[in-house]
Amino acid sequence: MSDYNVLIVEDSPTMRQLIAFALKRIRGVRIVEANDGVDGLKKLSSERFDLILTDINMPIMDGLKLVSLVRNDANYKAIPIVVITTEGAQEDRERALALGANDYITKPIQPTKILDVAKSLLRIA
Amino acid sequence: MQKDEERTVHTRGEEFLQVFKKGAEFTQDLLKENERLRYRVLELEKFQSSGGEAASGADVRKLTERIADLEAEKQEILDRIRHVEEENQDFAARYLEIEDENNNLANLYIASYQLHSTLDFKEVLQIITEIIINLIGAEEFAIMLLDEKSDEIQAVATEGVERSEIPPVRLGKGVIGEVATSGESHFASDFEAYERDFTAPMVCIPLKIKEHVIGVLAIYKLLMQKKEFAPVDYELFTLLAGHAATAIFSSRLYSDSERKLSTIQGFIDLLTK
């Protein structure tokens, strides 16, 4: 039985693996992967998640749309969301946070940063 | 009436007797205490006359020496604590370094695992592109391969720029041609001052299998949040380029053999059917 269910929404399999590898350092974490926003929503409807990490640029449904939909759904709106993206501009960051993302991490991937943010949002000391 | 008076006198007499008895007991206690104190005074006088003062002087000396010893011991313990604290700081710094190394190794492991997970040439190029964006932090770059028949290096995949924008380069010509000939990486001296030039990339890394160069990775622009390369990036780059080269080479060989196999199969089908 896992303590934390984490959903990674990212179209790049390499990136998904890199994020998953970083998160697996948290004891009791279970990771579910989704290819894009639509796939992410499908996974959200089938089980409960404690944290969502999502990319912005994805086919079919992008990460910002996913953030917006999650925040406007009473069933999911309490789930913390972290956006991980190549978009480093301040306005992109502000837009994601305004839509309801809890944190914003820019690429290239830094496992320590991902781990710190995830621990903080999962309230792990 | 008279009887009452007699009773009162009797009661008072008894009370007086009680007080008197208590006074007598108290006086006896005082006498005992006096005797005890006199005995104690005698004892002390005897002790003093038999050199008691000299003994206390020796005690004081001993105690002073003991204090000095304890002070020295305390100082030694404090020095050891300081030393242990310094060691702890070293260990903490080393722990962070090891954690960084561990992260880099994990990233490299995943990247190489992904690169060698397929024999499809296009998929290999896609994975290399993902790695360069997500791990290196590049925004505009090209994967260029050497055509050994024409000695020309051509872009086979690009990100952020059109493939047609990257001109083919002759082996040995310009930065790209030099890197492909020498097998040595090229890094622009000042990333901030660098202006995009397709013939002279900001970073050019040879794709080498042992000493055989099969192409180059040419980077023209980094992500806006990636201002410069960390020392580990140079190492990571070279290691990744090695794996990328092997993956490209294997997938090409596999594609060629598959094509040949299908041609041969076609002939066999023609002859046998």
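**Salt bridges, a helix and an interface**

Guide: Start with E33(A): its relative accessible area is 33%, so E33(A) is partly exposed. Keep in mind that this is a predicted model.

Visitor: Which side chain does E33(A) meet in a salt bridge?
Guide: That of R16(A), with N to O at 2.8 Å. R16(A) sits in helix α1 of chain A and E33(A) in strand β2 of chain A. They are 17 residues apart, so the pair links distant parts of the chain.

Visitor: And R16(A), buried or exposed?
Guide: Buried, because its relative accessibility is 10% and the cut-off for buried is under 20%.

Visitor: How many salt bridges over all chains?
Guide: The count is 15. Another one joins D55(A) and K107(A), with the closest N and O atoms 3.8 Å apart.

Visitor: Where do D55(A) and K107(A) lie?
Guide: Both are in loops of chain A. D55(A) is in the loop between β3 and α3, and K107(A) is in the loop between β5 and α5. The pair therefore ties together parts that are 52 residues apart in sequence. Both residues are buried.

Visitor: What about chain B? Which residue does E33(B) pair with?
Guide: R36(B), with the closest N and O atoms 2.8 Å apart. Both lie in helix α1 of chain B, residues 2-49. They are three residues apart, about one turn of the helix.

Visitor: Why does that spacing matter?
Guide: An α-helix has 3.6 residues a turn, so residues three or four places apart point the same way.

Visitor: New topic: helix α2 of chain A. Which of its residues are buried?
Guide: G37(A), D39(A), G40(A) and L44(A), in a helix that covers residues 37-46. They cover an arc of only 155° around the axis, so they are on the same side of α2(A).

Visitor: What do those buried residues pack against?
Guide: Against β1, β2, β3 and α3 of chain A.

Visitor: And which exposed residues are on the face turned away?
Guide: K42(A), S45(A) and S46(A).

Visitor: What caps the N-terminal end of α2(A)?
Guide: D36(A) does. One of its side-chain oxygens lies 2.9 Å from the backbone nitrogen of V38(A).

Visitor: Now the two chains together. How much area do they bury between them?
Guide: About 1700 Å², with 58% of it on carbon and sulfur atoms. In chain A, T14(A), L18(A) and P108(A) lose the most area to chain B, together 31% of what that side buries.

Visitor: How many salt bridges and polar contacts are there between chain A and chain B?
Guide: Zero salt bridges. There are nine residue pairs in polar contact.

Visitor: Which helix gives the most to chain A's side?
Guide: α1(A), with six residues.

Visitor: Last one. What does UniProt say about chain B?
Guide: An unreviewed entry annotates residues 60-101 as "coiled-coil region". In the model that span is 100% helix, and its end C-alpha atoms lie 61 Å apart. UniProt also places "domain: GAF" (unreviewed entry) at residues 120-258. Over those residues the chain is 38% helix and 29% strand, and the end C-alpha atoms are 11 Å apart.

Technical notes
Residues are numbered from 1 along each chain as its sequence is written. Chains are lettered from A and ligands numbered from 1 in the order in which they are written. This is a predicted model: local features need pLDDT of at least 70, side-chain atom pairs count only at pLDDT 80 or more; totals for chains, interfaces and linings use all residues. Side-chain values use heavy atoms; hydrogens and water are left out. Buried means under 20% relative accessible area, exposed over 50%, partly exposed in between (1.4 Å probe, protein chains only). Helices (H or I, at least four residues) and strands (E, at least two) are DSSP runs, numbered from the N terminus. The arc is that of the directions from the helix axis to the C-beta atoms. Contact means heavy atoms within 4.5 Å. A polar contact is a pair of N or O atoms within 3.5 Å; within protein, one must be able to donate a hydrogen and the other to accept it, and residues adjacent in sequence count only if both atoms are side-chain atoms. UniProt positions are given in the numbering used here, feature names are shortened, and annotations may be inferred rather than shown by experiment. Buried area is the accessible area (1.4 Å probe) that two parts lose on being put together, summed over both. A salt bridge is a side-chain nitrogen of Lys or Arg within 4 Å of a carboxyl oxygen of Asp or Glu.
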